[in-house]
Amino acid sequence: MESTIVKSVDYNAYFGDNHVVKNVNIDIPRNNVIAVMGPSGCGKTTFLRGINRMHELIPGATAKGKIMLNAEDVMEMHPIFVRLKIGMVFQRPNPFPNLSIYDNVIAGYKLNGIKLPKAEKDRIVEHSLTRVALWKEVKDSLTKKGSFLSGGQQQRLCIARAVAMEPEVLLFDEPTSALDPISTSTVEELFHELKKNYTLIIVTHNMQQAARVSDKTAFFYMGELVEYDETKQMFTNPKDTRTQNYITGRFS
Amino acid sequence: MISMKNNVKYRIGKSTGFQALTILLACSCVVPLIFILIYILQAGLTKINWHFLTNLPKPVGESGGGIANALLGSIIIILVASVIAIPFGILCGIYLSENRKSRLAYWSRLCVDILQGVPSIVIGIVAYFWLVKPLGGFSAISGSVALAIMMLPIIIRSTEETLKLLPDSLREAGFALGLPFHRVVLKVIVPCGISGILSGVMLSVARIAGETAPLLFTAFGNPYMSFNLLKPMQSLPLLIFNYATSPYNDWHDLAWGASCILLIWVLALNIFTKLMTRKWKVQL
């Protein structure tokens with residue numbers, strides 16, 4: 001059952017001469033929630049953005065090593081196809097302000113020029129919005145602009161936009177750090193639902209969140225993957241002293 | 001204590017005086033515009049009627065006549081200039097905003113800034129040597145090219161500045177959905193910045209509508225109706241220049257009327273741009 005979906009082999013990432021992710025080897029099992037935590041500047045976001053090749057969009061950024069998605073090396077694929085298979089949700093909600101809520105959900109199809117019959121579009125929109133528990137709230141205002149929603153709703157709209165493409169993996173870059181506590185708990189509940197169909201990799205610097213939502217946790221420090229284990233194991237009995245120090249709040 | 005009190009009064013007085021000065025100077029900038037408007041409307045409005053807009057100028061000695069050829073000529077020359085400058089300008093602006101740090105962007109940005117400062121008469125001379133001489137004569141198209149060169153920096157800089165202000169998260173949202181670069185630009189970035197881009201285009205049109213110098217030795221002017229882009233063509237600024245400096249009263253009237261039309265045109269474009277920018281602005 002526990003088959004690996006994403007596997008990084010000796011993955012290194014750089015900003016110019018700055019070596020930010022060092023030799024990361026990690027196996028991510030299918031239909032799990034993986035939390036990636038660590039102090040600011042430890043390379044966790046860079047690693048996450050490396051998985052769907054968003055890292056190299058930044059001028060001067062380079063990467064080496066392998067990231068296997070099933071049997072294919074992401075580094076050898078064209079980024080456009082990688083990003084269709086690996087969806088991403090960002091720190092701040094970023095719905096397209098020029099599109100309606102409806103068009104935001106199917107933006108991946110619409111903006112890519114993929115034509116779908118109306119019934120199919122309706123189905124995808126309802127299905128995706130239901131998945132993120134937003135359908136009931138917005139079903140009467142689908143023609144309104146995405147920016148009309150509250151911050152938490154916008155973030156769920158962005159998750160729906162990623163889910164609509166039926167990716168295999170969903171990446172979350174501190175998805176709740178710009179949200180209020182109530183919206184945060186709504187989004188966290190979503191993770192449990194979403195993992196039935198997708199594999200979720202979540203970067204967070206909120207340890208409680210990592211403990212609450214994840215099956216496995218990876219701890220990054222100074223660009224290295226220090227420890228990677230079952231979340232329960234990690235929080236109760238960390239093997240590395242650096243992990244222990246981080247969890248007990250000796251540095252952050 | 002008393003001296004302190006006086007001191008406070010003096011400081012408040014100084015502050016009020018300074019404020020009054022800024023208000024006075026702000027008002028005084030409006031004065032020349034209002035005078036120009038009143039003066040030209042007074043002199044020109046009475047000359048404008050249907051006959052004026054639809055007839056050709058009459059030869060010296062005959063009264064009446066209109067500016068139909070100049071009006072149409074101006075519209076044609078500006079349309080052709082826009083067709084040349086708008087795609088060039090917008091694409092260049094997109095390049096500058098999406099490749100901020102590249103060497104090419106640095107140099108082309110510098111060139112655009114310098115181009116903006118080049119006197120219009122110099123651009124006219126360049127167009128004369130590039131187009132008029134090789135083509136063997138004055139032509140409307142060479143005037144359009146000269147005006148297009150004048151439009152470019154305005155369109156480029158306003159496109160660049162508008163698109164730069166859009167948050168990077170918007171670009172990332174597009175890339176994360178697997179959009180290729182050209183779709184991120186055309187489907188996400190440009191639609192979100194469309195109001196700023198269009199306002200730059202409109203302002204550049206308003207800017208060149210009254211340009212005379214580049215047209216003097218390119219489009220040259222023509223007392224008759226002409227639709228041939230390869231032949232000389234009349235335009236409003238040329239008509240004003242030629243007729244206002246002539247010794248005939250009838251021609252002065254035509255020049256006043258044409259000035260009035262040009263002024264209304266530029267004013268309307270500016271107001272339209274303001275309204276449109278507000279209406280089409282995408283709320284981020």
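Select chain A: it holds 11 helices and 10 strands. Helices (H or I, at least four residues) and strands (E, at least two) are DSSP runs, numbered from the N terminus. The radius of gyration of chain A is 18 Å, close to the 18 Å that the globule rule gives for 252 residues, so chain A is as compact as a globular protein of that length. That radius is taken over C-alpha atoms, and the rule is 2.2 Å times the number of residues to the power 0.38.

This is a predicted model, in which local features need pLDDT of at least 70 and side-chain atom pairs count only at pLDDT 80 or more, while totals for chains, interfaces and linings use all residues. Residues are numbered from 1 along each chain as its sequence is written, and chains are lettered from A and ligands numbered from 1 in the order in which they are written.

Show the C-alpha trace of chain A. Along its principal axes it spans about 55 × 40 × 35 Å. Of the 252 residues, 46% count as buried (20 or more other C-beta atoms within 10 Å of the residue's own; exposed means 12 or fewer, partly exposed in between; C-beta atoms are placed from the backbone).

Select residues 4–15 and 18–29 of chain A. These are β1(A) and β2(A), antiparallel and joined by 8 bridges. Strands count as paired if DSSP finds at least two bridges between them. Ser8(A) stands opposite Ile26(A) in β2(A). The two strands form a hairpin with 2 residues between them. Click on Gly16(A) in the turn: its phi is positive, about 60°.

Look for Val9(A); its bridge partner in β4(A) is Lys66(A).

**The six-stranded sheet**

Next, colour the open sheet of chain A, with 6 strands in the order β6-β7-β8-β3-β9-β10 and mixed pairing. The twist averages 20° from one strand to the next.

Zoom in on β3(A) (33–37) and β9(A) (216–221): they run parallel, joined by 4 bridges. Ala35(A) has Thr217(A) as its bridge partner in β9(A). Then select residues 151–163, helix α7(A), which packs on the sheet and touches β6(A) and β7(A) (169–173). The direction of α7(A) makes about 170° with that of β6(A). Axes are lines fitted to C-alpha atoms, for helices over the stretch in contact, and angles run from 0 to 180 degrees between N-to-C directions.

**Across to chain B**

Show both chains. The contact takes 20 residues from chain B and 21 residues from chain A; contact means C-beta atoms, placed from the backbone, within 7 Å. Which helix of chain B gives the most to the side that touches chain A? α7(B) does, with 7 residues. The side of chain B that touches chain A divides into 12 nonpolar, 4 polar and 4 charged residues. Ala, Val, Leu, Ile, Met, Phe, Trp, Tyr, Cys and Pro count as nonpolar, Asp, Glu, Lys and Arg as charged, and the others, Gly among them, as polar.

Select α7(B), residues 168–176. Arg171(B), Ala173(B), Gly174(B), Phe175(B) and Ala176(B) are buried there. Their cover includes α2 (79–85) and β6 (86–89) of chain A, together with α8 (181–209) of chain B. Just after α7(B), Gly178(B) has a positive phi of about 80°.

**Last stop: a helix pair**

Select α5(B) (120–135) and α6(B) (140–165). Their axes come within 9 Å and cross at roughly 145°. Residues making the contact include Ile123(B) and Leu131(B) of α5(B) and Val145(B) and Met150(B) of α6(B). By class, the contact has 9 nonpolar, 3 polar and no charged residues.

Conventions: Two residues are in contact if their C-beta atoms, placed from the backbone, lie within 7 Å.
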